[in-house]
Amino acid sequence: MILSLSMNTGYTDAKNNSKPKRLRVGYLFAGSRLQALERVRRGENHGAGFWGMCHLDQFNIQADLIELEQVYPRWFCRIIRRYVPAYWSHLFIFWRFFSYDFIFASTGFGTQLFFTLLPMKRPFWVMYDFNITGFLGTGRLFRQKLFAFLVKRSAGIVTLSQKEVEMLKARFPRLVDKIVFIPFGADTSFFVPRPVSEERSILAIGTDPDRDYKTLFAACEGLNLSVIVTTRPDRLTPFNPLPSFVRIESYSPKELVEAYNRAAAVVIPLNTSRRLNDAMGCSTVHEALIMGKATIATRTFTLESYITSGENGLLVEEGNVKELRDAIVSVMTDDRFRARLAKNARTYALTHLEITSCTERLAAFFKQLAHVYGITRS
């Protein structure tokens with residue numbers, strides 16, 4: 001079984017009553033997304049976390065989720081996921097890839113190496129970039145050279161920041177026409193602002209391990225506001241006992257929308273010291289901007305692609321307690337300033353981050369690559 005979220009089955013040609021030509025894109029994720037996809041089907045969640053997969057059908061591209069759980073019993077999949085690194089786990093279903101024109105993935109580098117070395121014309125591998133330049137590093141280590149080999153032979157790259165596009169094009173000039181910056185977008189039918197009374201609280205959304213709670217908590221000390229954190233409890237263990245103004249919450253997707261509505265501001269504090277993911281914070285910044293919230297974030301070259309400091313949000317230096325504190329104070333004490341940031345955030349997001357228009361750009365990119373590589377479908 002192959003799962004996709006298709007709103008339409010495609011049109012029929014009026015002259016010959018035949019199916020249209022449709023590109024086929026297979027999506028790979030590090031962990032299982034089957035349950036999440038079912039929640040999207042039921043309208044309980046948005047589809048932004050699937051990087052356009054749930055919306056490509058609107059643009060005559062078949063996009064499918066390819067997973068171990070579609071082939072093997074769950075007990076066997078649990079063994080694979082526990083003992084086989086995510087870079088290699090998709091090799092257990094490699095034969096399923098051959099019916100696709102493109103494989104789209106941000107992980108699975110071992111599987112990508114396998115396909116790169118195979119004398120096969122299809123599928124073409126398109127990399128979804130969360131930290132390609134970070135993995136490339138200086139290019140001196142063997143693993144960095146091996147990774148550069150994969151990048152150089154990829155069919156294309158979709159990045160989450162404009163700066164990453166520029167760096168990759170400079171490093172891989174042969175791919176200059178095959179690298180593009182496309183946000184994954186936010187669902188404006190799901191993330192809907194409501195006129196409610198804002199609480200004196202800030203939201204810190206995110207479950208990844210690279211949130212800088214140390215700086216955030218220090219910056220909020222004595223400000224007489226609530227800091228609502230949504231993360232795994234173990235991420236906060238080093239800070240126990242937590243400050244009295246910190247509250248840990250676990251929201252369903254729909255509850256999160258209401259939490260955004262109530263919060264006065266959103267703060268995205270990041271710690272990039274591990275150099276594993278410069279694109280961290282993207283989901284939160286997309287959501288916060290589309291919800292029209294005053295947003296304060298650690299300055300990274302990825303978040304610089306979405307926030308112009310002082311216009312639609314504020315960017316602060318990583319680990320700088322005073323700068324973060326000053327930014328929070330300015331937003332929380334100046335209602336007109338906060339309202340202006342919020343209005344500009346919403347305007348920017350509707351123009352640049354609406355999920356259907358972002359997916360349209362992704363579809364155009366896949367079609368461009370299909371033309372370059374001579375792919376035709378019947």
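1. A residue counts as buried when its relative accessible area is under 20% and as exposed when that area is over 50%. The model discussed here is predicted. By that cut-off C282 is buried, because its relative accessible area is 2%. C358 is buried as well, with a relative accessible area of 2%.

2. How many disulfides are there? The count is zero. C282 takes part in no disulfide, and the nearest cysteine sulfur, which belongs to C358, is 11 Å away. A disulfide requires two cysteine sulfur atoms within 2.5 Å. The sulfur of C358 has its closest cysteine sulfur in C282, and at 11 Å the two are too far apart for a bond.

3. The largest nonpolar core has 95 residues, and the members that touch the most others are Y27, F102, F104, Y306 and F366. Helix α12, residues 355-372, gives the most to this core, namely seven residues.

4. Which residues does Y27 contact, apart from its neighbours within four places in sequence? Among them are F50, W51, G52, M53 and L56. Y27 also contacts A63, D64, L65 and I66, as well as F104 and L362.

5. The structure has three cavities of 30 Å³ or more. The volume of the largest cavity is about 70 Å³. Its lining includes W51, G52, F104, Y128, C358 and L362. Helix α12 supplies the largest share of that lining, with four residues. Sorted by class, the lining of the largest cavity has ten nonpolar residues, two polar ones and no charged ones.

6. Two cis peptide bonds deserve a look. One runs from R122 to P123, with omega near 5°, and P123 sits in the loop between α3 (109-117) and β4 (124-129). Another joins N240 to P241, with omega about -5°; P241 is in the loop between β8 (226-230) and β9 (246-248).

7. W51 is not a glycine, yet its phi is positive, at about 55°. W51 belongs to the loop between α1 (34-41) and β2 (61-65). Is W51 buried or exposed? With a relative accessibility of 8%, W51 counts as buried.

8. N224 also has a positive phi, near 60°, in a residue other than glycine. N224 lies in the loop between α7 (213-220) and β8. N224 counts as exposed, because its relative accessibility is 66%.

Note on methods
Residues numbered from 1 in each chain as written. Predicted model: local features only at pLDDT ≥ 70, side-chain atom pairs only at ≥ 80, totals over all residues. Heavy atoms only, no water. Core = buried A, V, L, I, M, F, W, Y, C linked by side-chain atoms within 4.5 Å. Buried < 20%, exposed > 50% of the residue type's maximum accessible area, 1.4 Å probe, protein only. Helix = DSSP H or I, 4+ residues; strand = E, 2+ residues; numbered from the N terminus. Contact = heavy atoms within 4.5 Å. 1 Å grid on protein atoms, 1.4 Å probe; cavity = no way out; pocket = protein on both sides within 12 Å on 5 of 7 lines; lining within 4 Å. Points joined across faces, edges and corners; volume = space filled by probe spheres on them. Nonpolar A, V, L, I, M, F, W, Y, C, P; charged D, E, K, R; others polar.
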